[in-house]
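Work through the exercises below with the structure in view, and try each task yourself before reading the solution that follows it.

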Amino acid sequence: MDPINLYEYEAIAQAKLTPMAYDYYASGAHDEITLRENHAAYDRIPLRYRVLRDISRRTTATTVLGHQLSMPVIVAPTAFHKLAHPDGEVATVRAAGQAGTLMILSTLSTTSIEDVMAAATGPVWFQLYVYKDRGATKALVERAQAAGCSALVLTVDAQIWGRRERDVRNRFQLPAGLSVKNLTPSGKEEFPQDARGSGLAAYVASLFDQTLAWKDVAWLCSLTELPVLLKGVVHPDDARQAADYGAAGVIVSNHGGRQLDTAPATIDVLPEIVEAVDGRVAVLIDGGIRRGTDVVKALAYGAKAVAVGRPVLWGLAADGQRGVERVLDLLRFEVDLAMGLCGCATVGEITRDLMD
């Protein structure tokens with residue numbers, strides 16, 4: 001029997017991955033408090049379901065920034081997919097297209113933007129880290145737009161790297177043959193080999209731009225015609241400023257609990273972010289989503305969609321493209337079931353009254 005939930009996929013992935021690869025994907029910062037809280041917070045939220053509503057014809061379809069999707073679940077940006085499976089990001093983007101949803105491709109991909117887009121059958125957004133070398137950063141933006149990506153997702157909570165102690169202990173490095181493919185043209189594709197701890201942390205410390213500030217959001221928007229979303233927002237004032245500086249959306253995210261430990265769980269801050277932007281920009285959320293009920297709760301609090309990261313990697317490690325497809329299919333099934341049990345026939349009927 002195939003796994004019947006996302007937790008079972010993680011168990012299979014852990015058995016298949018090297019300890020270093022599993023720890024890289026699974027770990028959080030320091031004591032991993034935020035990592036645990038991201039999902040635990042969902043468990044504490046009850047759904048006040050409605051009854052005696054016609055749910056005989058349900059649909060999980062929705063629209064996010066003009067993209068018609070089969071469900072309000074998208075693939076979050078995660079790095080180094082070839083650690084999980086030889087087909088890497090190509091398998092993931094094919095699965096996302098097959099599932100009728102979109103993928104956000106990481107700057108730290110083990111496959112180039114161009115090769116991923118050649119395999120894509122659905123929409124792809126490009127997640128951007130800003131390097132000290134602004135020329136290299138600008139080139140990434142230009143390549144993403146030329147290749148057909150339909151939005152940029154600027155990560156704003158990672159100018160410096162959170163201390164992921166499992167990576168430090170493992171002295172995390174990419175295996176021979178894998179590199180940050182998107183940075184090959186600028187010669188920034190390899191980790192420092194003399195790092196005493198995490199090679200990725202050393203890479204970030206030497207190359208990422210710690211001067212990144214609000215003025216750079218305007219700079220990024222000036223480089224491209226693509227909509228720009230800011231990922232890593234947990235404070236309502238930052239959400240308001242994102243709208244002021246021209247962002248098309250924000251992704252409420254604490255980097256999967258991998259940056260500032262004891263940062264709040266994303267679902268706990270979502271309502272005030274939605275209130276702060278007051279419809280000016282799209283609001284999405286990631287972090288800790290493992291069940292269809294989690295998705296319904298996020299939408300009831302005002303998110304347009306949720307993004308899932310680690311479960312996609314577990315599916316990829318377990319069974320390549322088919323594994324990712326199965327993970328997304330399970331989530332769609334669970335979202336549909338939760339909607340029906342809440343008395344909602346459409347995504348638009350998932351409203352705040354389910355929570356209050």
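This is a predicted model: local features need pLDDT of at least 70, side-chain atom pairs count only at pLDDT 80 or more; totals for chains, interfaces and linings use all residues.

**Exercise 1.** Describe the surroundings of Gln259, and say which backbone atoms its side chain reaches.

*Solution.* First place Gln259 in the loop between β8 (249-252) and α11 (266-277). Then consider its relative accessibility, which is 11%, so that Gln259 counts as buried. Now follow the side chain of Gln259, which reaches the backbone oxygen of Ile160 at 2.8 Å and the backbone nitrogen of Gly162 at 2.7 Å. Once neighbours within four places in sequence are left aside, the residues in contact with Gln259 include Ala29, Asp157, Trp161 and Asn254.

**Exercise 2.** Describe how helices α10 and α11 are arranged relative to each other, and which residues meet.

*Solution.* Two packed helices are described by the angle and the distance between their axes. Here the axes of α10 (residues 236-244) and α11 come within 8 Å and cross at roughly 35°, and the crossing is right-handed. On the side of α10, Pro236, Ala239 and Arg240 take part, and they meet Glu272, Ile273, Ala276 and Val277 in α11. Sorted by class, this contact of α10 with α11 has five nonpolar, no polar and two charged residues.

**Exercise 3.** Examine the salt bridge between Arg134 and Asp209, and then the one between Glu142 and Lys138, asking where the partners lie in the chain.

*Solution.* Side chains of opposite charge can pair when their charged atoms come close. The side chains of Arg134 and Asp209 meet at 2.9 Å, N to O. Arg134 lies in helix α6 (residues 134-147) and Asp209 in the loop between α8 and α9 (214-223), so the pair ties together parts that are 75 residues apart in sequence. Turning to accessibility, Arg134 counts as partly exposed at 22%, whereas Asp209 is buried at 8%. In the second salt bridge, the closest N and O atoms of Glu142 and Lys138 are 2.5 Å apart. Because Glu142 and Lys138 are four residues apart in helix α6, they are separated by about one helical turn.

How values were computed
Residues are numbered from 1 along each chain as its sequence is written. Side-chain values use heavy atoms; hydrogens and water are left out. Helices (H or I, at least four residues) and strands (E, at least two) are DSSP runs, numbered from the N terminus. Buried means under 20% relative accessible area, exposed over 50%, partly exposed in between (1.4 Å probe, protein chains only). A polar contact is a pair of N or O atoms within 3.5 Å; within protein, one must be able to donate a hydrogen and the other to accept it, and residues adjacent in sequence count only if both atoms are side-chain atoms. Contact means heavy atoms within 4.5 Å. Axes are lines fitted to C-alpha atoms, for helices over the stretch in contact, and angles run from 0 to 180 degrees between N-to-C directions. A crossing is left-handed if the near helix is turned anticlockwise from the far one by less than a right angle, and right-handed if clockwise. Ala, Val, Leu, Ile, Met, Phe, Trp, Tyr, Cys and Pro count as nonpolar, Asp, Glu, Lys and Arg as charged, and the others, Gly among them, as polar. A salt bridge is a side-chain nitrogen of Lys or Arg within 4 Å of a carboxyl oxygen of Asp or Glu.
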